[in-house]
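Student: I've got a chain on screen and I'd like to go through its charged side chains. Can you walk me through them?

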Amino acid sequence: KDIHFGLARRVSQPFFIDGPVYDPSVETIPHDPQGAKRLLREAGWLDRNGDGVLENEVEVQEDGKTVRKTIDFEFEYLIHTAKAYHEQIANIVKEEFGKAGIKVNVRPLDFATFLKGILDGNFDACRLAWGTGIDSDPFQVWHSSQAVKGGSNHIAYKNKRVDEILEHAREEFDPIKRWAMYREMSRIVAEDQPMCFLFAFPNQYFYSAMFRGVKLYPTEYPVDLTEWWIADDSN
């Protein structure tokens with residue numbers, strides 16, 4: 001509400017929220033820090049030393065031997081410094097995870113270093129955003145073949161059924177059938193939850209009052225400048 005002035009809407013899947021592929025029956029995960037604490041406690045994560053951060057005993061490899069070690073529940077969250085906006089979001093994430101006893105170490109980077117780390121798969125967590133058309137092809141982001149260094153499947157998500165859907169959808173010319181395939185994919189991805197879907201927000205466009213014939217279309221490229229013209233009384 002504060003950052004996007006009430007314009008953002010929560011989403012549960014990777015498709016355009018007002019498009020024919022988006023499945024409204026897929027519910028968003030409720031914001032429930034206390035419920036998160038309960039699940040973490042059941043998995044053995046407890047604040048044993050009272051420092052506000054959960055710990056657990058896990059098995060790790062050290063010098064070729066398996067040993068049990070107590071670790072804090074913490075992770076590094078990469079953001080880039082091209083816009084202050086990303087730090088604003090990161091601060092909210094850090095605060096909310098902290099309520100559940102999870103420590104988030106925000107690491108600001110210049111955009112080039114940030115992008116290289118993402119493409120190399122060298123990160124614990126990051127926040128990314130993308131724009132999509134009404135009838136886009138999500139193969140590049142979600143197919144397992146793209147889970148390689150330099151690929152766009154940055155989270156290395158692999159699901160055999162999702163692969164099948166992505167491959168068949170590319171060969172299906174009937175949009176109704178293709179959209180049904182993608183809605184099935186949405187349900188699978190929401191169940192797997194390989195990433196936390198946050199929100200969608202509209203792009204905002206500004207133009208001079210001297211222009212006439214301005215129309216905005218619900219597409220990835222929403223303007224057709226050949227339709228614009230300047231009024232005689234613009235002066």
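This is a predicted model: local features need pLDDT of at least 70, side-chain atom pairs count only at pLDDT 80 or more; totals for chains, interfaces and linings use all residues.

Student: How many salt bridges does the count come to?

Tutor: Side chains of opposite charge can pair when their charged atoms come close. Here a salt bridge means a side-chain nitrogen of Lys or Arg within 4 Å of a carboxyl oxygen of Asp or Glu. By that rule, the count is 12.

Student: Which strand holds the Glu57 that pairs with Arg68?

Tutor: Arg68 and Glu57 meet through their side chains in a salt bridge, 3.5 Å from N to O. The two sit 11 residues apart and link distant parts of the chain. Strands here are DSSP runs of E, at least two residues, and helices are runs of H or I, at least four, numbered from the N terminus. Arg68 is in strand β3, and Glu57 is in strand β2 (residues 55-62).

Student: Is Arg68 buried or exposed?

Tutor: Buried means under 20% relative accessible area, exposed over 50%, and partly exposed in between (1.4 Å probe, protein chains only). Glu57 has 43%, so Glu57 is partly exposed. Arg68 has 53%, so Arg68 is exposed.

Student: What is the N to O distance between Lys69 and Glu62?

Tutor: Lys69 is partly exposed at 41% relative accessibility, and Glu62 is partly exposed too, at 34%. Their side chains meet in a salt bridge, with an N to O distance of 3.3 Å.

Student: How many residues apart are Arg178 and Asp135?

Tutor: Arg178 forms a salt bridge with Asp135, their closest N and O atoms being 2.5 Å apart. Arg178 is in helix α6 (residues 175-192), while Asp135 is in the loop between β6 (125-126) and α4 (139-142). The pair links distant parts of the chain, and the separation is 43 residues.

Student: And is Arg178 buried or exposed?

Tutor: Asp135 has a relative accessible area of 37%, so Asp135 is partly exposed. Arg178 has 13%, so Arg178 counts as buried.

Student: Where is Asp72 placed?

Tutor: Asp72 gathers with Asp47, Asp51 and Glu74 in a patch of negative charge on the surface. Such a patch takes residues with over 30% relative accessible area and no salt bridge, like charges being joined within 9 Å. Asp72 is partly exposed at 33%, and its place is in strand β3 (residues 65-72).

Note on methods. Residues are numbered from 1 along each chain as its sequence is written. Side-chain values use heavy atoms; hydrogens and water are left out. Patches are made of residues with over 30% relative accessible area and no salt bridge: like charges are joined within 9 Å, nonpolar side chains (Val, Leu, Ile, Met, Phe, Trp, Tyr) within 5 Å. Accessible areas come from the Shrake-Rupley method with a 1.4 Å probe; for residues, only the protein chains shown count as cover. Lys and Arg count as positive and Asp and Glu as negative; His and the chain ends are not counted. The place of a charge is taken as NZ of Lys, CZ of Arg, CG of Asp or CD of Glu.
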